[in-house]
Protein chains: 2
Amino acid sequence: MNAAVIGLGYVGLPLSIRLAQTGFGVLGIDKDQKKIELLGKNLLPFGLREPNLLSFFKQAQVSKNLKFTSTYEEIKDVDIIFISVDTPVEKRQPDIASLLAATKSIAKHLKKNQIIVIESTVAPKTTQDLIIPLLEKLSKLKLNRDFFVAVVPERIRPNYIFKQLTTLPRVIGVSDLRIKKELRIIYSKITTGKLNFTDLATAEVVKTVENAYRDVNIAFANEIALACEDLGVDVWKIRELVNKSPWRDMHKPGSGVGGHCIPKDPWLLASSVKKHQMRLIETARSINDNMPAHIFALAEEALKEKKIKIASANLAILGYAYVGNSDDTRNSPTESLIQILKNKKVKYKVHDPYVKDFSNHSVEMTAKGADVLIIMVNHDVYKKINYKKVAKVIKTKIIIDGRNLVPAELVRKLGFVYKGVGNTS
Amino acid sequence: MNAAVIGLGYVGLPLSIRLAQTGFGVLGIDKDQKKIELLGKNLLPFGLREPNLLSFFKQAQVSKNLKFTSTYEEIKDVDIIFISVDTPVEKRQPDIASLLAATKSIAKHLKKNQIIVIESTVAPKTTQDLIIPLLEKLSKLKLNRDFFVAVVPERIRPNYIFKQLTTLPRVIGVSDLRIKKELRIIYSKITTGKLNFTDLATAEVVKTVENAYRDVNIAFANEIALACEDLGVDVWKIRELVNKSPWRDMHKPGSGVGGHCIPKDPWLLASSVKKHQMRLIETARSINDNMPAHIFALAEEALKEKKIKIASANLAILGYAYVGNSDDTRNSPTESLIQILKNKKVKYKVHDPYVKDFSNHSVEMTAKGADVLIIMVNHDVYKKINYKKVAKVIKTKIIIDGRNLVPAELVRKLGFVYKGVGNTS
């Protein structure tokens with residue numbers, strides 16, 4: 001069988017590789033000509049730290065099953081078309097420009113009996129209300145007579161892409177039960193997880209609810225962390241004990257929620273609901289978005305204890321990726337923190353071993369002469385920081401720990417003021 | 001050993017019985033003279049449907065280890081005093097009248113080396129800031145020299161009281177590590193669950209966070225249910241599929257959140273936090289409190305479809321307890337619904353087989369001549385309703401299902417308009 005994959009990002013590229021691995025002839029399409037050139041040269045445009053991505057990619061390339069292009073003509077020869085383009089949010093509303101562009105390009109070349117699978121996360125009802133009418137209109141073909149549509153939202157996250165792609169259960173919404181058998185065959189090759197068939201809208205809702213669930217539960221942990229700071233108890237001790245009570249799964253508080261899914265999908269869901277305001281989801285978004293500002297407030301507070309004004313302070317920030325051990329910087333909480341610092345004209349340096357602009361100096365070099373060391377990301381390398389060395393080069397001994405990563409007792413013995421999110425006393 | 005238990009409600013009475021079972025001499029104290037009289041006659045003042053409560057009570061009585069009184073004099077002879085009085089919330093603030101009264105009465109008779117254990121759920125810091133200073137002031141004794149305090153918040157819920165009391169892990173906050181050994185011996189007799197020792201404030205916070213977690217997660221399920229109604233999908237299908245994704249535990253939506261703990265403990269926590277507003281917790285409370293009004297809105301909508309004005313309609317409401325299979329009516333969502341109906345002058349009948357005022361007629365008698373049948377509580381008996389019989393006696397065939405308890409397909413075949421929370425199409 002032959003497949004086309006539209007959009008070669010964190011979802012589409014691994015999917016293309018996986019399909020090629022399982023014997024598909026894969027046509028990878030991306031509007032970014034530069035990305036296509038890189039891929040044609042066996043080079044990865046992103047995800048260099050992602051386990052298996054590079055090695056699987058090279059293997060798949062060698063097998064000659066993978067072909068990359070930025071044009072759509074050849075999709076007429078494939079059996080199935082996967083859409084995995086970016087579906088961002090702008091001002092709390094879905095920005096479907098890429099999705100519509102891909103849909104239009106597909107429609108122009110659509111052939112009878114093709115199946116279009118939407119792996120991109122979309123606002124509920126988008127497939128039925130926007131994509132299908134557009135496909136029918138431009139192709140002059142009819143859904144469920146001439147072509148078919150499925151909604152199979154991706155379920156992957158950085159650092160675990162191939163593990164999740166190949167093992168997680170999948171929700172498969174179909175426009176017609178007649179394509180169930182074929183999709184079962186195809187997705188059984190992709191994943192060992194169970195396949196759950198349903199309708200298009202249910203599949204769309206499930207995906208956005210999954211991520212809204214995570215966002216709300218992280219916001220709960222963050223709100224409890226703020227409470228703990230006020231009450232003088234340690235949120236990590238609280239979490240440990242709460243989770244010993246049955247049916248509790250309190251998430252981890254932290255310096256903010258980034259990435260491409262969790263900060264965005266709740267808005268995709270909320271934007272689709274007209275009759276009710278999604279108050280809890282909106283409040284959760286606001287709480288999580290505010291965590292970088294809280295990190296700043298903790299730094300300001302600690303500096304005040306040391307009688308240093310924030311305006312004259314130098315901040316050393318560790319971590320720019322949105323998640324530990326990754327180079328993925330999409331919606332990075334550190335980016336938000338830096339925006340605050342810029343607005344307030346506060347001096348800062350950033351270190352991240354995996355992000356190009358911030359990797360050409362060591363942790364100690366970053367801390368040198370600084371008044372605060374702020375840990376934003378739980379990269380494993382930050383768990384091995386030598387605080388004795390840091391103590392020698394830092395100007396003012398203050399640590400703000402956004403990821404419960406610093407040995408608080410140890411650094412306090414070294415004379416540091418230590419403040420962690422949810423653990424300030 | 002001898003123990004006193006102050007407050008003989010859903011927590012204190014089972015605790016007294018459990019202590020007596022394990023060989024303690026137990027002095028049960030309650031200000032309610034009538035309750036003391038009933039207990040003295042081997043009669044239960046509440047909880048008649050609670051598994052084992054009556055039988056264990058009678059066994060314990062027979063063993064002569066249990067004694068009930070409404071005065072405090074004899075507590076001078078006990079080794080340990082458990083406080084399990086009611087700690088309600090009034091206008092979002094803790095009402096500590098009962099707690100302070102109990103504390104004062106204890107203080108008057110406090111003896112050296114006694115341990116006071118607070119099983120009541122209290123707002124964080126209450127023990128340190130209010131109870132201990134009051135005990136010291138009135139008794140002229142000193143904490144950790146003359147007497148000791150522990151915070152061991154109860155973890156039980158109706159229908160499962162003895163199961164949870166005797167098996168769940170417990171959090172034990174202590175004023176002094178020297179009482180750890182003794183409390184380990186005592187609580188090891190009460191429960192087979194693990195005992196986790198910590199400080200007083202941490203124990204207080206853990207308990208309120210446990211219940212705030214549940215409230216927020218139920219509110220999330222309720223908000224998603226509202227979204228599903230708007231989007232025309234079934235929240236129960238959504239929940240099933242969301243929970244197949246790893247690390248998701250979406251709770252059940254429903255007609256409201258009642259009982260003595262979940263609607264109250266989030267306010268105990270929120271009231272204790274001064275520096276930050278607990279926005280997520282407050283929003284969750286508001287969403288859950290609004291569910292009875294949403295049930296009303298669904299009824300109104302269904303009646304409108306049948307061209308019946310709510311003002312001329314008769315509503316038949318099934319369930320008055322706050323939770324299935326229980327007679328516990330504390331903070332019952334049905335009570336809130338009835339308040340709405342009273343305000344709007346809507347006619348209604350209520351049925352609950354376990355609640356005195358509503359048990360002297362059958363489901364069919366309740367439905368007879370009604371225009372809407374509303375299921376508020378998931379009593380098992382409501383799962384066996386004969387809808388053919390209901391169809392014959394009801395005037396207008398409308399069912400509003402607040403607990404996903406009605407076989408929707410079946411009742412639709414019988415001609416009913418069916419609307420469930422999160423499942424209206």
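This is a predicted model: local features need pLDDT of at least 70, side-chain atom pairs count only at pLDDT 80 or more; totals for chains, interfaces and linings use all residues.
Two residues are taken to be in contact if their C-beta atoms, placed from the backbone, lie within 7 Å. In α11(A), the residues Arg279(A), Leu280(A), Thr283(A), Ala284(A) and Ile287(A) meet Arg279(B), Leu280(B), Thr283(B), Ala284(B) and Ile287(B) of α11(B). Sorted by residue class, this helix contact consists of six nonpolar, two polar and two charged residues. The axes of α11(A), which spans residues 279–289, and α11(B) come within 9 Å and cross at roughly 180 degrees. The helices α11(A) and α11(B) are therefore roughly antiparallel to each other, since angles over 145 degrees count as such.

The arrangement of the chains as a whole was examined next. Chain B is superposed on chain A by a rotation of 180 degrees with 0.0 Å of shift along the axis, and the RMSD is 0.0 Å. This is the relation of a two-fold axis. Among the residues of chain B, Leu280(B) comes closest to the rotation axis, with its C-alpha at 3.2 Å; Leu280(B) is also one of the residues in the contact between α11(A) and α11(B).

Chain B contributes 48 residues to the contact between the chains, and chain A contributes 48 residues. On the side of chain B that touches chain A, the elements giving two or more residues are β10 (195–198), α8 (200–231), α9 (235–242), α10 (265–272) and α11 (279–289) of chain B. Helix α8(B) provides the largest share of this side, 17 residues. By class, the side of chain B that touches chain A holds 28 nonpolar, eight polar and twelve charged residues. Because 100% of the interface residues of chain B are also interface residues in chain A, the copies meet through the same surface.

Within chain A, two domains are assigned: domain 1 covers residues 2–198 and domain 2 covers residues 204–425. Their C-alpha centres lie 34 Å apart. Contact between the domains of chain A involves 21 residues of domain 1 and 20 residues of domain 2. Two or more residues on the domain 1 side come from each of β6 (93–94), α5 (126–139) and β9 (170–174) of chain A. That side is made up of twelve nonpolar, six polar and three charged residues.

One sheet of chain A is open and has eight strands in the order β3-β2-β1-β4-β7-β8-β9-β10, with mixed pairing. Strands β3 (66–69) and β10 (195–198) of chain A are its edge strands, each pairing on one side only. From one strand to the next, the twist averages 20 degrees. Strands β4 (residues 80–83) and β7 (residues 115–118) of chain A pair in the parallel sense over four bridges, and Ile81(A) stands opposite Ile116(A) in β7(A). Helix α1 (residues 12–21) of chain A packs on this sheet, where it touches β1 (2–6), β2 (25–29), β3 and β4 of chain A. The direction of α1(A) makes about 170 degrees with that of β1(A).

A further open sheet of chain A has five strands in the order β12-β11-β13-β14-β15, and its pairing is parallel. Strands β12 (347–351) and β15 (417–420) of chain A stand at the edges with a single partner strand each, so one side of each is left without a neighbour in the sheet. Neighbouring strands of this sheet are turned against each other by 20 degrees on average, direction ignored. Strand β14 (residues 398–401) of chain A pairs with β15(A) in the parallel sense over four bridges. Ile399(A) has Tyr418(A) in β15(A) as its bridge partner. Helix α12 (residues 291–305) of chain A packs on the sheet and touches β11 (314–318), β13 (372–375), β14 and β15 of chain A. The direction of α12(A) makes about 160 degrees with that of β14(A).

Technical notes: Residues are numbered from 1 along each chain as its sequence is written. Chains are lettered from A and ligands numbered from 1 in the order in which they are written. Two strands pair if DSSP finds at least two bridges between them. Axes are lines fitted to C-alpha atoms, for helices over the stretch in contact, and angles run from 0 to 180 degrees between N-to-C directions. Copies are superposed by least squares on the C-alpha atoms of residues with pLDDT of at least 70 in both. Ala, Val, Leu, Ile, Met, Phe, Trp, Tyr, Cys and Pro count as nonpolar, Asp, Glu, Lys and Arg as charged, and the others, Gly among them, as polar. Angles under 35 degrees count as roughly parallel, over 145 as roughly antiparallel, 65 to 115 as roughly perpendicular and the rest as oblique. Domain bounds come from an automatic or database domain assignment.
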